[in-house]
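Hi,

Here is the structure I promised to pass on.

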Amino acid sequence: MNFKHKYMFLLPGLLVLLGILIFPIGFTVRLSLSSWDSFYPGLDFIGIENYIRLFTDDLRFWEAFGRLSMLSLTTVFLQYVIGFSLALMVWKGIVFQRFFRVLFLIPMMTTPVIMTVIWRTFFHESLGPVNDFFNLFGMNPLWLSSEILAKFTVILVEVWQWTPFMFLLLLAGLLSLPKEPYLAASIDGAGPIRTFVYVTFPLMAPISIGAIIIRLIEASKIMDTVYVLTSGGPGTSTETSSFYIFIKGLREFQFGYSAALSLTYLIIMIISFTIIAKILVKLMVRGN
Amino acid sequence: MSLIASNLCLKPDTEYHLNDVCFEMSKGEIYTIIGRTLAGKTTLLKTIAGLIAPESGSLTLDGTDFGRIPVWKREVAMVYQQFINYPHLSVYENVAFPLKQRRMPNVEIRNRVMRALSQVGLDGFESRKIQALSGGQQQRVALARSLVKEANIVLLDEPLVNLDYKLREQLREEFRNIFSAKASENSILIYSSTDPVEAMQLGGQILVMDEGRILQQASAKDVYENPNSTKVSQITNDPAMNLFEGTVADGKVIISSEIHFDLPQHCQGLPQGSYTFGLRAAAISLADGGFPFTVELSEISGSETFLHLKHEHVQVVGLLDSVQNFNIGETVSAQFDTAHLYAFATDGRLKSSPYGGLK
Amino acid sequence: MGVLYSTLKYLAVTLWSVFVIAPFLWAISTSFKDFQSVTNGATYIPWVDFEPTLEGWRALWKSPAQGGVAIVEPFFNSVFVTAAGSAISIVLGTLAAYALSRFTFKAGPIRNGDITFFFISQRIMPPVVLAIPFFIMLGKFSLLDTLVGLILVYIVLLMPIAVWIMVDFFNKVPREIDETALIDGCNPYQAFYKVVLPNSIPGIVVAGMFCMIFGWTDFFFSFILTFTEVQLLPVAIVALNSSITPWWSLSAAALVSVAPLVVVAFIVERFLSKGNLSGALK
């Protein structure tokens, strides 16, 4: 089925997107080949010097990458486990089902930056309620100013914010599962755990994979939380790739270099996600 | 009005969906396209409708090149195997849709819709929602919608295949009545099916299709009596015609050391040599004095028994008109009704048939 | 076994609920405090721990010059930009998604799948990467600090979501329905809007929802690309995060910004229970 009309459907959206994107992407490429910064403004041409620098001389970039991987994988994993558990719990057979479902959805509807501002006051080391509680035990953990705890706080806020997203996708998936396998399982006398392992989990595999990939893509962009909560600190302990690019570009005004960083980051991410997606799909096919 | 196809070809990947298809159809007739699954029937129907464009060849209606006319301007109607209706519209709106599209006055739309619904036996169903209907009812709605347009060409792609047995029988009977009325209204009706019995029941002309080719176009009677090749004989018989190799020599047909018989009347004159012989299942019966065969399998179906027999390299299926039990491995004596023997050349073409003699 | 499982379930659900509500409760309580109540250590219950005032709430109407937060204008700016951006993204995205689902495109080595991938891969880009070029580009067209400029940027943000969801959704609508419409006399445009569209409402609602969520909650683009003329809600609120942060007005403003999407949460849950969402999201 192929008609001339097909172009009228596709092109408005495609052209608008391309139109708005073409300049930024093209410009970023060009920029990455220059050394534009606040000392030497202007579009000169230095070839791939920026790229050489980032591959040989910029440990900080790769550390940020490592931190990003750790943070996103941890948060997505936690979100998946918690989100799945919550979805299972409010799937059926619970009082106030509707209330809990709506409640569990709310955090993802909020603006991350705004909630993080609130979290900042919440975890405030001298005036916040968390330490008020810990003070009762004579402790005063430095939620935002100790390297390890800062990571913990960021993960906690991310989990609060985005678990509902996983929860939504997984609950929708659960609600659309066919009833027959469950009837068969109960006839076979399977208890809740066995039913989960042998029926629910396998049936949910494709949806789980989709949800995890989507969340990973979104999580890799984490920026708002870090910006407000810790500004990448203390030191660089919560500095992620996008935050590092942000600093280099909009705080230190090294436009050329940050453009090179951006492109490298982009290409690595596209390749990584394509590989991850392919692996997960293969795992799923093998599982079947 | 006539629909003529010449050399339609379509090869989207490694296989031919349409391989040099030619046919000629005239108004007022029912044409049944019969073939196995993936023979290209649906592709052909969709090409006639305009949903698929052939890579080469032409399709003309009364001299006008169909290829130039887009789907929505061709006067065709189509019923699918999956019960396709517009889910968001009621039964009335479904059937009225094509007429509304043509901007017909509402009064006339009402007349036509009510008439069509009546024809398919759905009086009183106008305001029902599609999802609330059973499969058979949904298919009737689809049929009503295809009738209401009074299109030049009505295409039906195995419309009954997804219904249960009883419903299929019932609808087949109803369809036949509707179609004879329709056909006399100057339309061309094209029906596709995998079931030879259904094809024969509908009467009309039959086009046998396999691997994208039209193997034979003839009346139902003709296709039954004179299938022009072994392939056609396989496709148009259920159970498939038994085929076995043999030779003609000295006035005898020799199949194996123990199976041989005199050359039947209608085969006199066949040159000596190797042939493939065909015999319908009903032409094999159990009686003393026949050939020795071992029972491989016996299937009871309704009030008949299909007996799978084997003797050396010869494997046949016989149809017995009663329910009988056999043990696997049992030896029985099978009689061949040689007056209904077909002879095909080694390349598959029909050489002699019980109804027409030598070819 | 059943009782143990049940108790654990309710316990877990309650714990998580507390976790979810905690920051909101804190924000509500804080919104009624003033400088004293905040700096003397953590306080919780009004009238018991501290004297409540409406300062925080009143500040929402006052402009910064008067010591307030003034979120009224930013609030409506956010509404406008999110709505406009979502609407345009959904219209363009749905059309494109329909084409990608139904027709075959071939431009050299590029096929349908590649085009879809192009749309979806926009989500991989962190806002930071686009921010600087957009800054320069909008500057050239005098679109910095304008609503229109921001809407254009939002389209890049939201169209991929619309395309992603709708392509999946359209793939589930049998194409035989389109074909029947064509046979019944509709050209492809009519087939789309008379037959396919009415049957795609759940998908569009889901797409609309996600567009609104991601649009309303964006911070970075409005942060970089607007300054004084136009401010969106998240930016206005974060701007308060200075050395002397007025916790009270901050909390009040935050609560106001959260309210609209709570309504969306209700709608989502309704859809979920009716089973419409499940089909669309797969």
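Which residue stands opposite Ser352(B) in strand 21 of chain B? That residue is Leu358(B). Before I go on, please keep in mind that this is a predicted model.

I'll stay at that end of chain B for a moment. Strand 20 (residues 350–353) and strand 21 (residues 357–358) of chain B are antiparallel and share two bridges, and the hairpin that joins strand 20 of chain B to strand 21 of chain B runs through three residues. Strand 20 of chain B also pairs with strand 19 (residues 342–344) of chain B, again antiparallel and over two bridges. Ser352(B) turns up here too, with Ala343(B) standing opposite it. The hairpin of strands 19 and 20 of chain B has five residues between the strands, and in it Gly348(B) takes a positive phi near 100°.

There is also an open sheet of four strands in chain B, with the order 17-16-15-18 and antiparallel pairing. Its edges are strand 17 (314–320) and strand 18 (331–336) of chain B, each of which pairs on one side only. From one strand to the next, the twist averages 50°. As a reminder, strands of a sheet pair through backbone hydrogen bonds, and they can do so in a parallel or an antiparallel way.

Stepping back, how is chain B divided? Its domain 1 covers 2–227 and its domain 2 covers 242–358. The centres of domain 1 and domain 2 of chain B, taken over C-alpha atoms, are 38 Å apart.

Two helices of chain B are worth a visit. Helix 1 (residues 41–49) of chain B is largely enclosed by the rest of the structure, because eight of its nine residues are buried. The buried ones are Lys41(B), Thr43(B), Leu44(B), Leu45(B), Lys46(B), Thr47(B), Ile48(B) and Ala49(B). Gly50(B) follows helix 1 of chain B and has a positive phi, near 105°.

Helix 2 (residues 91–101) of chain B has buried residues as well, among them Val91(B), Asn94(B), Phe97(B) and Leu99(B). What do the buried residues of helix 2 of chain B pack against? They pack against helix 3 (106–119) and helix 4 (135–148) of chain B. Just after helix 2 of chain B comes Arg103(B), with a positive phi of about 60°.

Now for chain C, which has 14 helices and zero strands. Of its 282 residues, 50% count as buried. Among the contacts in chain C with a separation of 6 or more, 73% come from residues 24 or more positions apart. The domain assignment gives chain C a domain 1 (2–53) and a domain 2 (69–281). Where these meet, seven residues of domain 1 of chain C are in contact with six residues of domain 2 of chain C. Helix 1 (residues 2–31) of chain C supplies the largest share of the domain 1 side, four residues. By class, that side of domain 1 of chain C has three nonpolar, two polar and two charged residues.

Last, the meeting of chains A and C. Here 71 residues of chain A are in contact with 79 residues of chain C. On the side of chain A that touches chain C, helix 1 (residues 6–32) of chain A gives the most, with 14 residues. That side of chain A has 52 nonpolar, 13 polar and six charged residues.

One helix pair to zoom in on is helix 5 (residues 112–122) of chain A with helix 13 (residues 247–273) of chain C. They pack at an angle of about 145°, and their axes are 10 Å apart. The crossing of helix 5 of chain A past helix 13 of chain C is left-handed. From helix 5 of chain A, Ile114(A), Val117(A), Ile118(A) and Thr121(A) meet Trp247(C), Leu250(C), Ser251(C), Ala254(C) and Ser257(C) in helix 13 of chain C. By class, this contact has six nonpolar, three polar and no charged residues.

Over to you!

Key: Residues numbered from 1 in each chain as written. Chains lettered and ligands numbered in written order. Predicted model: local features only at pLDDT ≥ 70, side-chain atom pairs only at ≥ 80, totals over all residues. Domains from an automatic or database assignment. Contact = placed C-beta atoms within 7 Å. Nonpolar A, V, L, I, M, F, W, Y, C, P; charged D, E, K, R; others polar. Axes fitted to C-alpha atoms, helices over the stretch in contact; angles between N-to-C directions. Left-handed = near helix turned anticlockwise from the far one by under 90°. Pairing = 2+ DSSP bridges. Buried ≥ 20, exposed ≤ 12 C-beta atoms within 10 Å, placed from the backbone.
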